[in-house]
Amino acid sequence: MIFYFSGTGNTRWVARQLSKYTQDNLYFIPEELERAPHTYTLKENEPIAFVFPVYAWGPPKIVMQFIKQLNIANSKNAYTYAVCTCGDDMGRTRQILAKELKKKDWQLDALFYLNMPDCYISLPGFDVDKPEERMQKLEQAPHIVAHIAKVLQQRPKRHYEEKPGPLPRIKSYVLRPLFNRLLMSDRLFHATNDCIGCKKCSKVCPVHNITMYAQKPQWNGNCTGCLACYHNCPKKAVQYGKRTKGKGQYLHDNYVNTNE
Ligand SMILES: Cc1cc2nc3c(=O)[nH]c(=O)nc-3n(C[C@H](O)[C@H](O)[C@H](O)COP(=O)(O)O)c2cc1C
């Protein structure tokens with residue numbers, strides 16, 4: 001049972017590759033959140049997996065919110081693991097996730113990470129990766145997924161392959177709450193005059209947070225911060241304040257719009 005989230009396609013690709021190895025079913029968290037109640041039944045020996053991008057040195061809010069509501073029958077002592085994608089480093093993501101899982105009596109048995117192309121562009125100094133770095137990460141990714149699948153066959157306990165990076169505590173416990181409070185709001189999203197009213201941003205939003213008003217997108221306050229709207233805009237007309245002006249766009253080659 002693989003629960004996953006993805007905005008620009010990196011993590012969906014990872015989750016799909018992993019499910020090819022493990023034969024476990026995939027569940028896209030935003031779709032699952034639309035269906036209530038969030039109750040599932042594990043088959044014998046089936047693991048529980050969470051696959052998600054790192055947002056501000058922790059799991060995205062939507063993933064935490066989903067876990068809080070999640071009920072899985074037969075899950076006592078189930079093997080539980082996570083795979084994170086990140087552009088650079090992940091701080092104390094493992095500890096934040098493990099604490100939430102513990103409330104459900106689940107141990108985080110293993111965690112892995114993959115460095116994937118960076119999609120974060122909303123602060124000064126942050127931009128998508130240069131083509132060489134992007135290519136290098138994408139070339140390595142299939143090998144890392146194969147490695148993860150191989151390790152998982154052994155079901156190791158307390159097996160953590162992670163990249164906390166420098167100052168992980170400060171990033172995850174000081175900067176992360178600030179980031180979530182001040183920088184995850186959709187207030188600064190707007191469409192410039194280049195907008196052609198194609199509705200693409202609205203169609204790709206995984207949480208249906210964007211509606212069209214007078215042929216322009218309007219963000220409605222329930223944003224996950226995934227930036228799918230920004231990266232999918234064919235005219236680069238979606239901007240976040242003035243901070244995204246002149247920044248690049250990125251979508252994984254196998255990006256699919258799950259809303260279509
Ligand atoms: C809001 C936001 C915050 C992010 N924070 C981090 C971070 O703390 N560390 C990091 O290495 N990458 C960070 N990233 C980059 C993503 O984790 C990375 O590009 C990921 O692979 C995107 O996955 P997706 O394509 O499945 O959406 C962030 C991206 C976004 C949109």
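Guide: In this predicted model, the largest nonpolar core has 43 residues, and A49, V51, A82 and V83 touch the most other members. The elements that each supply at least two residues of this core are the strands β1 (2-4), β4 (48-53), β6 and β7 (110-115), together with the helices α1, α3 (61-69) and α5 (131-153). V51 shows the packing in detail: leaving aside residues up to four places away in sequence, V51 touches I2, Y4, T11, V14, A15, L18 and V83. Apart from this core lies another, of 20 residues, including I210, C229, Y230 and C233. In soluble globular proteins, nonpolar side chains tend to be buried together.

The shell around the ligand comprises 26 residues, the closest being S6, N10, T11, P53 and C86. α1 (10-22) and β6 (80-86) are the elements that give two or more residues to this shell, and α1 provides the largest share, three residues. By class, the shell is made up of twelve nonpolar, ten polar and four charged residues. Because domain 1 (2-180) and domain 2 (189-240) both give residues to the shell, the ligand lies between them.

As for the chain as a whole, eight helices and twelve strands form its secondary structure, and 38% of its 260 residues count as buried. Among contacts with a separation of 6 or more, 76% join residues 24 or more positions apart. The radius of gyration is 18 Å, which agrees with the value near 18 Å for a compact globule with 260 residues.

Technical notes. Residues are numbered from 1 along each chain as its sequence is written. This is a predicted model: local features need pLDDT of at least 70, side-chain atom pairs count only at pLDDT 80 or more; totals for chains, interfaces and linings use all residues. A residue is near a molecule or strand if its C-beta atom, placed from the backbone, lies within 6 Å of it. Helices (H or I, at least four residues) and strands (E, at least two) are DSSP runs, numbered from the N terminus. Ala, Val, Leu, Ile, Met, Phe, Trp, Tyr, Cys and Pro count as nonpolar, Asp, Glu, Lys and Arg as charged, and the others, Gly among them, as polar. Domain bounds come from an automatic or database domain assignment. A nonpolar core is a set of buried Ala, Val, Leu, Ile, Met, Phe, Trp, Tyr and Cys residues joined through C-beta atoms within 7 Å. A residue is buried if 20 or more other C-beta atoms lie within 10 Å of its own, exposed if 12 or fewer, and partly exposed in between; C-beta atoms are placed from the backbone. Two residues are in contact if their C-beta atoms, placed from the backbone, lie within 7 Å. The radius of gyration is taken over C-alpha atoms; the globule rule is 2.2 Å times the number of residues to the power 0.38.
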